[in-house]
Amino acid sequence: GENVEQHPSTLSVQEGDSAVIKCTYSDSASNYFPWYKQELGKRPQLIIDIRSNVGEKKDQRIAVTLNKTAKHFSLHITETQPEDSAVYFCAASMTVQEKLTFGTGTRLTIIP
Amino acid sequence: EPEVTQTPSHQVTQMGQEVILRCVPISNHLYFYWYRQILGQKVEFLVSFYNNEISEKSEIFDDQFSVERPDGSNFTLKIRSTKLEDSAMYFCASTGRTRLAGHQETQYFGPGTRLLVL
């Protein structure tokens with residue numbers, strides 16, 4: 001089955017700097033790659049997703065890149081703000097309707 | 001915006017007791033899921049449900065677990081005889097097209113039920 005690895009497990013960044021979180025996946029049949037933000041005790045909230053027919057997607061300060069050949073995808077957050085502090089999970093699935101396999105999460109702390 | 005809802009938010013039960021966790025998916029969604037998250041760990045898939053039947057289940061989803069869509073709006077997860085290791089946050093999710101996602105399908109999560117087995 002699919003296996004998703006995520007690095008780093010923790011990341012501290014000065015406010016205003018950029019943060020990058022990386023994930024690799026094992027199943028070349030995966031085509032859907034969402035990123036979720038989870039605040040303490042809350043539900044995972046989708047922040048951005050990318051499908052395999054696209055190499056990069058951007059939404060304001062957030063961008064995701066996908067390299068299907070290397071089987072890795074990354075989340076980039078620019079101009080970080082204190083409210084970006086949370087745990088971020090990457091995930092992979094064959095299609096959006098099928099089960100998500102999650103990475104182990106990255107605890108991002110923005111230092112004011 | 002429509003949201004996935006779950007009840008109860010917290011449930012404490014004794015080992016060996018049955019629990020039923022309830023979810024109301026977003027109304028026009030067709031695919032439903034249960035995931036769980038043990039404290040401090042990643043989210044793990046339990047089961048997916050489509051067209052009134054299970055489409056996939058994980059190794060975690062053994063004979064103690066069952067799902068049901070009893071009335072066309074609710075989606076329930078039953079644990080027949082709870083064990084200590086069932087203590088976790090249980091998330092329901094559903095997939096469909098929503099305005100939030102710019103008319104693309106995406107998987108939305110409910111707020112979760114925190115289950116504590118004593």
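**Entry 1: a charged network in chain A**

I began with the side chains of A:D49, A:R51 and A:K57, which are linked in a network of salt bridges. I note at the outset that the model I am reading is a predicted one.

I then took the links one by one. A:D49 meets A:R51 in a salt bridge, with N to O at 3.5 Å. A:D49 also meets A:K57, and here the N to O distance is 2.9 Å.

Is A:D49 buried or exposed? Its relative accessible area is 6%, so I recorded A:D49 as buried.

**Entry 2: salt bridges elsewhere**

In chain B I looked up the salt bridge between B:R36 and B:E44, whose closest N and O atoms are 3.3 Å apart. B:R36 has a relative accessibility of 10% and so counts as buried. B:E44 has a relative accessible area of 23%, which means that I list this residue as partly exposed.

**Entry 3: aromatic pairs**

I turned next to the rings. Over all chains, the count of aromatic pairs comes to 18. One of them joins A:Y25 and A:F33 in a tilted arrangement, with 4.7 Å from centre to centre and 45 degrees between the planes. I found both A:Y25 and A:F33 to be buried.

A tilted pair in chain B is formed by B:F32 and B:F75, with the ring centres 5.5 Å apart and the planes at 40 degrees. Where in the chain do B:F32 and B:F75 lie? I located B:F32 in strand β4 (residues 31-37) of chain B and B:F75 in strand β8 (residues 75-79) of chain B. The pair thus links distant parts of the chain, 43 residues apart. B:F32 is buried, and B:F75 is buried as well.

I also traced a cluster linked by ring pairs. Its members from chain A are A:Y36, A:F89 and A:F102. From chain B the cluster takes in B:Y33, B:Y35, B:F45, B:F91 and B:F109.

**Entry 4: a sheet in chain B**

I read an open sheet of four strands in the order β1-β3-β8-β7 (chain B), with antiparallel pairing. Which strands form the edges? They are β1 (5-7) and β7 (65-68) of chain B, each of which pairs on one side only. Direction ignored, neighbouring strands of this sheet are turned by 20 degrees against each other on average.

I recall for context that strands of a sheet pair through backbone hydrogen bonds, either parallel or antiparallel. Between β7(B) and β8(B) I found four bridges, in the antiparallel sense. As an example, I looked up the bridge partner of B:E68 in β8(B), which is B:T76.

**Entry 5: one threonine in chain A**

Last, I examined A:T101. This residue is found in strand β10 (residues 101-102) of chain A. Its relative accessibility is 15%, below the 20% limit, and so A:T101 counts as buried.

What does A:T101 contact, leaving aside its neighbours within four places in sequence? I listed A:E2 and A:V4, together with A:C90, A:A91 and A:A92.

Methods
Residues are numbered from 1 along each chain as its sequence is written. Chains are lettered from A and ligands numbered from 1 in the order in which they are written. This is a predicted model: local features need pLDDT of at least 70, side-chain atom pairs count only at pLDDT 80 or more; totals for chains, interfaces and linings use all residues. Side-chain values use heavy atoms; hydrogens and water are left out. Rings of Phe, Tyr and Trp (its six-membered ring) pair if their centres lie within 6.5 Å; planes under 30 degrees apart count as stacked, over 60 as edge-to-face and the rest as tilted. Buried means under 20% relative accessible area, exposed over 50%, partly exposed in between (1.4 Å probe, protein chains only). Helices (H or I, at least four residues) and strands (E, at least two) are DSSP runs, numbered from the N terminus. Two strands pair if DSSP finds at least two bridges between them. Axes are lines fitted to C-alpha atoms, for helices over the stretch in contact, and angles run from 0 to 180 degrees between N-to-C directions. A salt bridge is a side-chain nitrogen of Lys or Arg within 4 Å of a carboxyl oxygen of Asp or Glu. Contact means heavy atoms within 4.5 Å.
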